Every structure is written in C-alpha cells, then in structure tokens.
Amino acid sequence: MAVIKVDMHVHTCYSKDGLLSPAEIVEHCRRKGLGALAITDHNSIAGALAVRDMAPFPVIVGQEVSTSQGEVMGLFLEREVPRGLSPPDAIALIKEQGGLAGVPHPFDRLRREALGKRFLEGIAGELDFVEGFNSRVTLAGDNRQAQEFAGSRGLPCTAGSDAHSGYELGRAYVEMSPFNGKEEFLESLASWAHRRQLESLLGSLLQRLREDASLVAKELGDGYTASSPSGWALPTGRGAPCCSVQCRHLVARQV
Ligand SMILES: [Zn+2]
Ligand SMILES: [Zn+2]
C-alpha cells in the first residue's frame, strides 16, 4: 500500500516570523520526500492558498488561530478565522466551514500560546485531533502529555515540524495512506505511525538562535536564507518509544 509522509504544521513567510516563500516550501518538500503537508500560518490562510496553487502534491489549508486563551488549529479551511475569539467560538467557526479543529502544542510549558489543560478540557468534546508531536516543543514530556490526552479522549494525534525555516521542514511527520479530503485524512491519520526527530534542549536553542539570525538578515535584505548553509550543526536526534496508544508504532529516526 502506498504511504506518504505528511508534515502537519508548517509556516510560510505569510506568518510574521516565517522565512519560506511558497516556492521554497514546494522545493523543500520535493527534496525531503514529503507527499503532502498542512500550511498553518498564524491567523492567515493566504500562504496556504499560495502553496496549494503551485504544489504538485496535496496541501491542506490550515491556520493557527490566536484565541483569547491560546492557540487552536483549523485544517481544511476555506476562510480565515478571526483572532481574539474564545476557543469555543473559534472552533465553531472552523467547523461551520467544514474544517477540522484541533489544538497545537497544548501542553508546551515554554510557550505562552499553549492552551493548557484547563481550557483544553472545556473544548475536548469539539476537537477532531490533538497535535501529539511538535518539533519545537523543547521538553519531551510536554509532547507526551499531549499524546496521553489524545489517547484518553480517543482523538487522533497529528505531528508537525512547526517549521518557520527550510532547515526545520519535515523534522516531524506522519506516515499515512494518501488521502482525498478530510474524512480520508482522519481515517488514515488514525491508522498510521508518527515518525519524528527528537532534539536535545541544546539543539532547540541553537535552532532558535540560527533562526533569529536569519530573521535579522531577512530584515537587512542581504539575501541570506535559512536554507543557506550556516556552518552550525545540531546534535543528532535520539529515538525513544512513545507511551500512548495513538502513537504505539512510533519510531524516532534521523530525518
Ligand atoms: Zn503555535
Ligand atoms: Zn506554528
């Protein structure tokens, strides 16, 4: 059976902190062998539509929506969801247009945009998925907590790199059957394994520093891009089994 790799959390330059143009994203996907991806810019679907228009592979139009309590995520969107709503109201707008609603990095203790347990409990009944692995989550236990929460509610886990640069794209993905539309996506998501690259705390910090340098260079307009070789090397990832039912086949590997 055919299997594709799908990175379900990617940002374009339409996010204020994103570095990648739609054309660069298509090229990185081609080089890394990704078969589909979700573009999930902050409070915008313009970049997702631009990538979908030019990509020779399926692109899920998504959005990371800033709510009054933290971020929620919509996939398979047709229209942008306004920022600043309550989490239930944002989810209602995602569902109203036929989208799938989920929560990215819900337990990331180092990110103030994380929704957290209190608000997650209140909307759990409305969710279609939980992001069970996000490459930018520094403390591995925070991803595990998301996987456990999803498992306890019978929700499928997504996995994504949360890439803002070419270097990061594809660092986490789900291997799944090719899908056509949201129903097949959900079916396939529930039955396939996550693969991911773990990174050390040092690796994560170096990555952030590298990206900050890229953003400064971008501001200065000197032609530097994050995919240019910088000479910085990140420590090699290390595998660990996942504890949740949803991720029972999880195998870490260097991407
Ligand atoms: Zn986020
Ligand atoms: Zn993000």
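Which residues point one way from strand 5 (residues 100-103), and which point the other way? In this predicted model, Leu100 and Gly102 point to one side of strand 5, while Ala101 and Val103 point to the other, and all of them are buried. In a regular strand the side chains alternate between the two faces of the sheet.

**The chain as a whole**

- The protein chain has seven helices and 10 strands, and buried residues make up 47% of its 255 residues.

**Confidence in the model**

- The mean pLDDT of the protein chain is 81, and 75% of its residues reach 70 or more.
- Over residues 196-201 the pLDDT stays under 50, and for this stretch the model has 23 contacts beyond four places in sequence.
- Over residues 216-255 the pLDDT is likewise below 50, and this stretch has 73 contacts in the model beyond near neighbours in sequence.

**Strand 5 and its partner strands**

- Strand 5 pairs with strand 4 in the antiparallel sense over three bridges, and Gly74 stands opposite Ala101 of strand 5.
- Strand 5 is also joined to strand 6 (residues 129-134) by two bridges, and these two strands run parallel.
- Not counting residues up to four places away in sequence, Val130 touches Gly102, Val103, Pro106, Ala146, Phe149, Ala150, Leu155 and Cys157.
- Strand 5, helix 4 (residues 116-123) and strand 6 together make a right-handed β-α-β unit.

**Two residues of strand 5 in detail**

- Leu100, which lies in strand 5, counts as buried because it has 24 C-beta neighbours inside 10 Å, where the cut-off is 20 or more.
- Leaving aside neighbours within four places in sequence, Leu100 is in contact with Leu75, Phe76, Asp128, Phe129 and Lys182.
- Although Leu100 and Phe76 are 24 residues apart in sequence, they are 6.4 Å apart in space, C-alpha to C-alpha.
- Ala101, also placed in strand 5, is buried, with 22 other C-beta atoms within 10 Å.
- The contacts of Ala101, again leaving aside neighbours within four places in sequence, are with Val72, Gly74, Ile91, Ile94, Lys95, Glu126, Leu127 and Asp128.
- Ala101 and Ile91 are 10 residues apart along the chain, and their C-alpha atoms are separated by 6.0 Å.

**Helix 1 and its two sides**

- The buried residues of helix 1 (residues 22-32) are Pro22, Ile25, His28 and Cys29.
- Seen down the axis of helix 1, these buried residues fall within an arc of 120°, so they line one face of the helix.
- What covers the buried residues of helix 1 includes strand 1 (4-10), strand 2 (36-42) and helix 2 (46-54).
- The face of helix 1 turned away from the buried side carries the exposed residues Ala23, Arg30 and Arg31.
- Just after helix 1, Gly33 takes a positive phi of about 75°.

- Most residues other than glycine have a negative phi.
- Phe76 counts as partly exposed because it has 19 C-beta neighbours inside 10 Å, whereas a buried residue needs 20 or more.
- Asp162, which is not a glycine either, has a positive phi of about 55°, and its place is in the loop between strand 7 (157-160) and strand 8 (172-176).
- Asp162 is buried, with 24 other C-beta atoms within 10 Å.

Definitions and conventions
Residues numbered from 1 in each chain as written. Chains lettered and ligands numbered in written order. Predicted model: local features only at pLDDT ≥ 70, side-chain atom pairs only at ≥ 80, totals over all residues. Buried ≥ 20, exposed ≤ 12 C-beta atoms within 10 Å, placed from the backbone. Helix = DSSP H or I, 4+ residues; strand = E, 2+ residues; numbered from the N terminus. Arc of directions from axis to C-beta. Contact = placed C-beta atoms within 7 Å. pLDDT = per-residue confidence, 0-100. Pairing = 2+ DSSP bridges. Right-handed = clockwise from strand over helix to strand, strands pointing away.
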